[in-house]
Every structure is written in C-alpha cells, then in structure tokens.
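Hi there,

Here is the structure I promised to pass on. Have a look at it first, and my notes follow below.

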Amino acid sequence: MQENFPCFSLAVVIMASKTRIVLDLNTRVKVIHASERDKKSVKQIMKMFNVGKTQVYEILKKKTEILKQWENCANGKIKRELKKTANENINEIVWEWFVSVKAKNHCVSGPMVQQYAKKIAQILGKTEFKASNGWLESFRKRHRIVFNELSEKNSETIEEWVAKLTSIIEEYKRENIANGDETGLFFRALPDESPCLKSEQCSERKLGEERLTVFLCGFMSGEMEKPLVIGKATKPLCFRNMDIWKLPVEWQSNKNAWMTSKIMEEWLIAFNGRMKKQNRHVLLFLDNATCHPHIELSNVRLTWFPPNTTSLPQPMNQGAIRTVKMHYRKLLMQSLLANMNHITSVSGLAATMSVLDAVIWISQAVKKLLPETVTKCFERAGFSTGEVTAGNENNEIDQQDLQNYMNDAGFNNCNADDYIDIDKDVQTEPDTMDIDALVKNIGESWKGDKEKEEEENDIVLEQEKCRVKTYEDAVNCLKELQQFALNWNDADMLYKISQAKVIAESQAAKSVTCVQKTLASLMKQ
C-alpha cells in the first residue's frame, strides 16, 4: 500500500496538470489580437495564456465567428457558445412565423406558439417533440419575447402619428434617434434595362444572381451605420481569399438574398452591443415588415411605425436610400467608362462586375452621403427636435454627373431618374408566411448549410494572372501610380495612392527578416 501511494499521488498530479483551461470570449479575442496585431507565434501565445497548441489553433481557425460573437454579445465572460439543438429547424420555422404574425399586429400567446410548434413537428415527422413549457421558456428567452401583449389593429392616420411623434422622441438627442430600412439593388443593372417590380415575376436568375438586399440605418444627427448587405452565397468566389469580417459592409446570405427575421435579429443584437459599448441608449424606428422581430434590448428601444400605413414617410425613404443608389450607379458608370477600351460590348462589361465590386461601391456610396442630407430626411419625415439643419445638398449636381456619364456611355435616351429608381419597388422579404412555405424555405437553408459559392456570373481575378504577387511588388506599383498622379497634377489621386502606399509598406516591412542587419549592410556600401 505504501509503495503504491506515491505512484497514485503522482498520477493525480499528472491528471491535474492536464486539465484543459477553457478561455472565455474576451480572452479568445485577446488570443486573436495577439496573433493578428502583435504577430506573436503560437508558442508565445501558449505561454501568454497558459493553453495548449490545439486550443490556440482552434481559436485562430474560428476567428471570424469568435469576433462576430464578441461584438454581438455584451457578456464577454461566456466560455461556451450556444449549440444547435435537435429541434433547431422547428425553432427557426416557429420564429419566422411568430415575427410575421406580430408584424400584422396580432396578439400571440404562449399556448399559441406551442400549438404551432406541434404542427411543424408533425410535418417534419418529429413525433418525439412535445412543445413543453420548458421548450417554450427556452424559446422565449432566446428571442427575448414578452407574451400577453395587447395588440389591436391600429387605425392611426399619418397625421395622428406625426402629431404624437414629437412626444416620442423628446427625451432623445439627435444622435440617438435612428431609422433603418431595406432596399433591393440590381447591382449589375444598366440604364437600358427595364425595372422589375413587385407586381412582376422576376426570373430566378434576376433575383438570385443580379440582386442584393441592402439594409441602411442612419441617425438623425447624420451618422450612418455600416451597411448590411444580403446576397445569395455564404462566401462568393470573389471573397475566397478575404476574411468576410474585414469587408467594408456587413455580409449575410440566404437562398433568395432576402432579409429574414433571423438576419435582422442578429443585426439588432450586434447593434445593441455597439450602443452598449458606447454607453448610448437609442430609439430605433422600424416599419412593420414581417422580417422585423419584436424583441427587447438593453440599449436599443424599438419603435414601430403604425401598421397598415405603407405610405407613411420613413426617414431612409425620404432621400437617403435614393441618394446612396445614385452614388452607387455613378460609381458603376465610372467603371464602365474607364474600361470601355477593353470590352466589345457594354453588356459584356456589366457581366464582369463582381459582388466584391458591388459591396465596395455600396460602402463608398454610403460614405458619400452627407450628414445634412440624412438629417433633412428625418425632418421631411416629421422628426423635429427644434434645431435647424444648415448646409446644402448636392444631389442635383451629382445626378447631372450621372446623366453625363450615361450619355458618354451611349445611353442618351435613358433618364437618370429612371435609372436610379430601376429597383425602387423590388421585393426584399418573403411575402408568404404559411406553414408549407416556411418549412420549404427553412428546409432548403438547412440542406445548404455547407458554405455555398456563386459559380455563375461571379468573376474572380485568378492569382496567376495578377503580376503583383507580394507587398513589395505592390509598393513598386504604387510608386509608379504616385508618379502618374504627379505628372497629371491630380492631388486627390496622389493623396489616396500615398495612403495605400503607406499601408503596403507597413505590410512589406513586417515580412522582412533581419532588418537591422540589412540596413547595416546597405550603409557600408
């Protein structure tokens, strides 16, 4: 017994030393920053955080998901992420139904949700699912649902709504009053193409491959959030070497490139997290679209425009969305004109425009939106805090520039107004919320849970065709462009190229080894 006791103690020590340390969310983000920003090696990170090599590699492999979860979640101390349950497809279908019913201003109780869930389970053949009170409570907490709300059909007129709007916003400053809305975008559309309206049957090709949904959110102060762009593919081919997290827009996807309650809920939670970090309490106005979930948030109070008043003026629809589309199409026409010598037809050029081009142009178009333009959109919608907005909008000048580009490209018979509004009434959300439609829609998304890619009409520049292979090559090319800008006396181009050159040189410097030795040897020459 005595001879075996030391061995037993040693075994306990060995087992204790192999206990896995699980890092919380905040620490996992620090691991990513140590690797990405500080350029620490895996061994250095292992020592810094007292973890094994496997866990470090797992964190770095999932860095995009971890960073997104960190932004979305106010509690950075969680150590485990929520896992999908066996009933996740039922939960998702029920949630879509719940949001659509609430959007129609109907009262929904807990037992109603349970009854609907049972019907879904029967259709899916999940006979073991009981829709218990425990399941209902879990569903309620996950989506921040408050039952037993009294909801009656609101017959409030636009005039009555505008009259009481002042009292709704009086406790909030301009920088904390926001509005968000979706719009469809035919990102490859040319001026001679006829618009595809809600009442028309757009082809699958048009809806799936030529169309994006863009969600724009702005504050009465003029500040704009990063645009949310919804496409068909989880990761289009043109994104293949990019971290989606680093795109200039927030990227989401589903089969039809539509806004869904799931995507909207994720965006709202992330938006709430950003406001919480900034110590802001925000009033966010949304319309009663079926894809807009009614949830409770700590730092964002959701306020709804009255139902059945589709003509009610939303701030984003008072010129903000249209101005963004004008700038987008101006950038598109600029690209067309700049590349005309390398193509045989205008339609051929349009086909080469990738989703990556689109998201960059969307981001640039939003940045071109003047703060005073956004503020005046709120004022035109009846929002007033007693302050007077100064400044001039240059929309007429920009629209004339677009018309000039169109004329130069050979679209003399086309009107800039019509071109900007070509996708004004395009559908941005599913318009059917019956059980069969929901089951089919969710089922297809689950089948396609693997990462999808757009294989048609999404142009990718092959690496072997690109002569710039390294950051050092990029620096040399940017030097040539700097000289070009100087020769043509283009100060704006020179400034932006110089900024890009500084970034390229920063990255090139990191890849150089033994810098001191290299510099010393150069000085001796």
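Helices (H or I, at least four residues) and strands (E, at least two) are DSSP runs, numbered from the N terminus. This is a predicted model, in which local features need pLDDT of at least 70 and side-chain atom pairs count only at pLDDT 80 or more, while totals for chains, interfaces and linings use all residues. Residues are numbered from 1 along each chain as its sequence is written, and side-chain values use heavy atoms, with hydrogens and water left out.

Let me start with helix 7. Buried here means under 20% relative accessible area, exposed over 50%, and partly exposed in between, with a 1.4 Å probe and protein chains only. G110, V113, Q114, Y116, A117, I120 and A121 are buried in helix 7. Seen down the axis, these buried residues fall within an arc of 165 degrees, so they line one face of the helix; the arc is that of the directions from the axis to the C-beta atoms. The face turned away from the buried side carries the exposed P111 and Q122.

Now for strand 2 (residues 211–219): 9 of its 9 residues are buried, so it is largely enclosed by the rest of the structure. Strand 2 pairs with strand 1 (residues 177–186) in the antiparallel sense over 9 bridges, where pairing requires at least two DSSP bridges.

Best wishes
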